[in-house]
Structure formats: structure tokens, C-alpha cells
Amino acid sequence: MSALSPMSLCALAVALLLGGGSAFAGGTLIYCSEGSPAGFDPARHTAGTDFDASAETVFNRLVEFERGSTQIRPALAEKWEIAPDGLSYTFHLRRGVKFHTTPGFKPTRDFGADDVLFSFLRLIDRNHPFNRAAPVDYPYVTDMGLDGNIAGIDKLDTHTVRLRLRAVDAALLQKLAMSFASIQSAEYAELLLKTGKPAQLNTQPVGTGPFVFKSYQKDASIRFDGNRTYWRRGEVLLDRLLFVITPDAGQRYQKLQRGECHIMAFPRPADLQAMQGKPQLAVPSQAGFNLAFLAYNVRRKPLDQLAVRQALDMAINKQAILAAVYRGGGMQASNPLPPTQWSYNRKLKDPAFDPARARALLTRAGVKDGTEITLWAMPVQRPYNPNARLMAEMIQADWARIGIRARIVSHEWSEYLRRGKNGEHDSMLVGWNGDNGDPDNWLGVNLGCSAIGGNNYAQWCNKDFDALIVRARTLTNQAERSKLYEKAQEIFKQELPWTTIAHATVYQPMRKEVQGFRISPFNLMSFYGVSLQ
């Protein structure tokens, strides 16, 4: 049991949620999260908020990243072989892995090949029975071209599957370690189909992971129990895990100080110095593998003109944004991926901040003074952007100086992403955390032609750019791939579908009772292997 300060009424409410008289009785870790997940089926969603509440808790994948690392380790697949031509992968599945038992489902068999087949076939086959019953999009699968490149998956026996490709994919294992590739229970899916409740796959998840989903109250809390039959012995050290959804960063900090949560998401930069001086808190940090950017919807006028995008870009005072929004915890971004990512093109630089030239460009492009466009601002903090509202207000002021009236728009987080994917914005503040350490995860997922309708918020499709990234996926030589990605970045910089803004340092405030937590390079919150002192 951890030693914490006396609980306030808010903490008492948390304790009642847990069914005990003390908020931390029985090894309960409380995480003050920043927002409500859009759902619990990792294949359907793209935000870290969703993955923290599903892929990192309830589910496993065939292969996974080492906690706090970009290295691959075996997971539900104990081992695998890659064919000499690189076009097939044979996975040998772990035996004795149990799916969770929940009030609505009691498994009658262990994890096996049928579960892998269901999990992947529904992602690549639009006519799969589950997709016909509950049609949804799988954005990562389409954005990375996996729905077209996976030729099929075969059951060789109850614990062996073979995945076949149409073209070599150099980063396939890294992609399969990502959240979207979480393995679902085929038996549970069959039950949902029979009872006419396929939508419950997204609301009442069943997996093999370290925590068992118990309940969710939107905008309030998510409850999990530790999985006492977890197949990775020694990695579940908590009896319970509770997400207390607290959108306001100031309130999260207050709760952390009062002992009403053990760990919090996304601190305000202005609070960091005070946090670091609190004896009961620890604030580890590391360079962020992330990017904040402003996407221009190139299908909307006047943003379909390159000169307009160039003008808007050079009118933004990035140094002022770094000082006011990031408070020294970030660096200016020039490229659509961070400098720690291999293939980063160091030759590319931003044009100088030049409002006078920007106004002249707009005049030559025929854009009238007082033209209005929408500027969308995220309603939540993200690791790449600690204060999107302030950033939007600063950009609004910068653009006003060159005769552009920006109307700031916001929506609830999941609605914000959905509408952005539909292209309802003119310009949109958003960003990205690397998912797997491969350049395609930045360039393909966010800027590829197949990503329109997914994470390509600019609605931008450049055939030359696309040919380079598609070709790079098929090569296994990193030096050759780097050359193609560097050329693709040059095209990006010439065409400016985004204004790249900043790479943020990641800070993770927690109470000193928390032991074993590791900051993820992909900015996911993993609580397996974590204990309370």
C-alpha cells in the first residue's frame, strides 16, 4: 500500500469507484488521463487516447515492442520465419494463452490460429461476415496499404499461421507490433454475430492482455482488473488500474499533488518547474519522437494554391510559438518527421519568417484582404502540442497581419478527428507520435494517397511523392530506402501540404511511489511491469 496525502472529496469518490475505503488499497494504480477514448477496438482508431485504453491494457499482438523501446520482441507468436523472397511470414503461436472471462463472455478454448485469422481477415476483406454486420473503417490498414498488400493468411495448424504478401514490406514486423494489429477472440466475435451485437467489439473488449476491462463511464473513468492468469509471468503487478478522465491539465496536476492519482498525462509546460521541485513527485523526460503540424486542406480554395500555402507558412512566427506554447520544451520542426528518425533530410530548412513577403504572395495569388478560412484547434493536450488553443490564437494573430481572417473551430476529440478525416476543415492543428520507428509510419500514414480519408488531413495526393514511398516499402536495404524518403521530403517541402511547427520534449509526471514505469518512444501508456512501492 502506498503512503499518500489525505484524500479530498474527489479522491473519496475515486475510492468508492474502486469499492474500497482507500483509493490505493489492494494495489490500485490511478492514472489521470486527458480524454475519453473513441472506443476499445484498436483497429478502428488512431489516437493514443484510444490505444492506452485498449491495445496497451486489454490486448496483445503477434509481436510487440519492448516496453520503453523500439525493439521487437515475441508476443503471441513465440517465433517466426521469413521466406527468402520476403513474401511470406510463418508465425508459430504461443500455447496456453487465455482470453479474458467477462460478464458477457466465458471462453471455451485458448488462443490459437483461428483468432489470428479472424483478426487479420476482417481488416483486409470488406466482405468478411463481421464487416458486413458492422461496417467500419480500419484507417491504419488502409493508410499503410496493408489491405492491398496482404494477399492472404493461412492456418497451417492450430498454432501456426502463414501471412502472404503481394510485395515485400520491409517494416512488416514493426507494423504488426502496432496497436491496430491487436488480436481479437474469434469465439467472442462469433457470439456477438449470433446475438446481433457486433458493435460490442468496440465497447466491451475481450483480449489476452495484462488487464481485464471492467467498465467505462464516458468523460469519467475506465476500470480494469489485473489479469492474474496473464501469460507473461511477473508483468502484472497491480490488482486494479483506474483511468480517471481529466481533460484539464491544471486539474490533473492538482490531483497528482493531492494523491488522487499516481501518474498524469501531458503536463502544462508552465507547471514543470514547480513539479520538479515537489519532493513527492518525479518528472522523468526524454526527447519526443513526435511532430506538431498545421495541415492545409488542399482541396479547398484558396488553399489549393501553392502560393497561398507558402504565404500562410512564412507568416507564422514559429519561434514565438516555441517560447509561449512549449516554454523551452520543444524544437522547431522543418520536416514531416523528427530528426531522430533515420532518413531525416537535414538539408531542408524553413523559409524565413516574413509577413511582408507573405502578403505580397497573397496579392499575386488574387486573395482579397479579409478572406476568411477556418483554423481548427484540438480540444485536448497531446504530447506534441501542450496548448493547441493558444497556438491557434497566435497563428490567428499572425495571419491577421497579412489580411487573412482565421475563425478558430474546435470539436470533441473523437469528433475532431472524424471530421478532419472527412476534410471538413480549411486548416487543422494536429500532430503525430511515431508508432514503429520506420519512416513509412510518418510519410505513408500521414501523406500517402491511400491515407486520404484516414490520417492524411491535408487531403494531399502527389503521385511523385507517393511513388517514392511505395517503392521504399519494398526495399530491405536501409540506405536505399533512405534516399527515396529524403527525395520524398524534398517534394513535401516544395508542395507544403503542412506547416511543420515543433517537436516536443516528453515529460511524464508521477508520484515517487510508482516503480518500473518507462516512457514509450511512441508515447503510449503501458502499465504492465509497473508497481506501487
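1. A residue is called buried here when its relative accessible area is under 20%. The model is predicted. In it, both Phe65 and Phe522 are buried.

2. The rings of these two residues form a tilted pair, because their planes stand at 50 degrees, with the centres 4.6 Å apart. Phe65 belongs to strand S2 (residues 63-65), whereas Phe522 sits in the loop between strand S22 (514-515) and strand S23 (531-532); the pair therefore ties together parts that are 457 residues apart in sequence.

3. Phe289 and Trp442 make an edge-to-face pair, since their ring planes lie at 90 degrees, with centres 5.4 Å apart. Phe289 is in the loop between strand S13 (285-286) and strand S14 (290-296), and Trp442 is in helix H16 (residues 440-447), so this pair ties together parts 153 residues apart in sequence. Phe289 counts as buried at 11% relative accessibility, and Trp442 counts as buried at 0%.

4. In total, the structure holds 25 aromatic pairs. Ring pairs also link a cluster whose members include Tyr31, Phe40, Phe213 and Phe517.

5. The largest nonpolar core has 128 residues, of which Phe91, Ile395 and Trp399 touch the most other members. Helix H3 (residues 113-124) contributes the most to this core, with seven residues. A second, separate core of 26 residues includes Phe40, Phe59, Phe517 and Ile519.

6. The axes of H3 and helix H8 (residues 186-194) come within 8 Å and cross at roughly 60 degrees; the two helices are therefore oblique to each other. Asp114, Asp115 and Phe118 of H3 meet Ala186, Glu187 and Ala189 of H8. These contact residues comprise three nonpolar, no polar and three charged.

How values were computed: Residues are numbered from 1 along each chain as its sequence is written. This is a predicted model: local features need pLDDT of at least 70, side-chain atom pairs count only at pLDDT 80 or more; totals for chains, interfaces and linings use all residues. Side-chain values use heavy atoms; hydrogens and water are left out. A nonpolar core is a set of buried Ala, Val, Leu, Ile, Met, Phe, Trp, Tyr and Cys residues joined through side-chain atoms within 4.5 Å. Buried means under 20% relative accessible area, exposed over 50%, partly exposed in between (1.4 Å probe, protein chains only). Helices (H or I, at least four residues) and strands (E, at least two) are DSSP runs, numbered from the N terminus. Axes are lines fitted to C-alpha atoms, for helices over the stretch in contact, and angles run from 0 to 180 degrees between N-to-C directions. Angles under 35 degrees count as roughly parallel, over 145 as roughly antiparallel, 65 to 115 as roughly perpendicular and the rest as oblique. Contact means heavy atoms within 4.5 Å. Ala, Val, Leu, Ile, Met, Phe, Trp, Tyr, Cys and Pro count as nonpolar, Asp, Glu, Lys and Arg as charged, and the others, Gly among them, as polar. Rings of Phe, Tyr and Trp (its six-membered ring) pair if their centres lie within 6.5 Å; planes under 30 degrees apart count as stacked, over 60 as edge-to-face and the rest as tilted.
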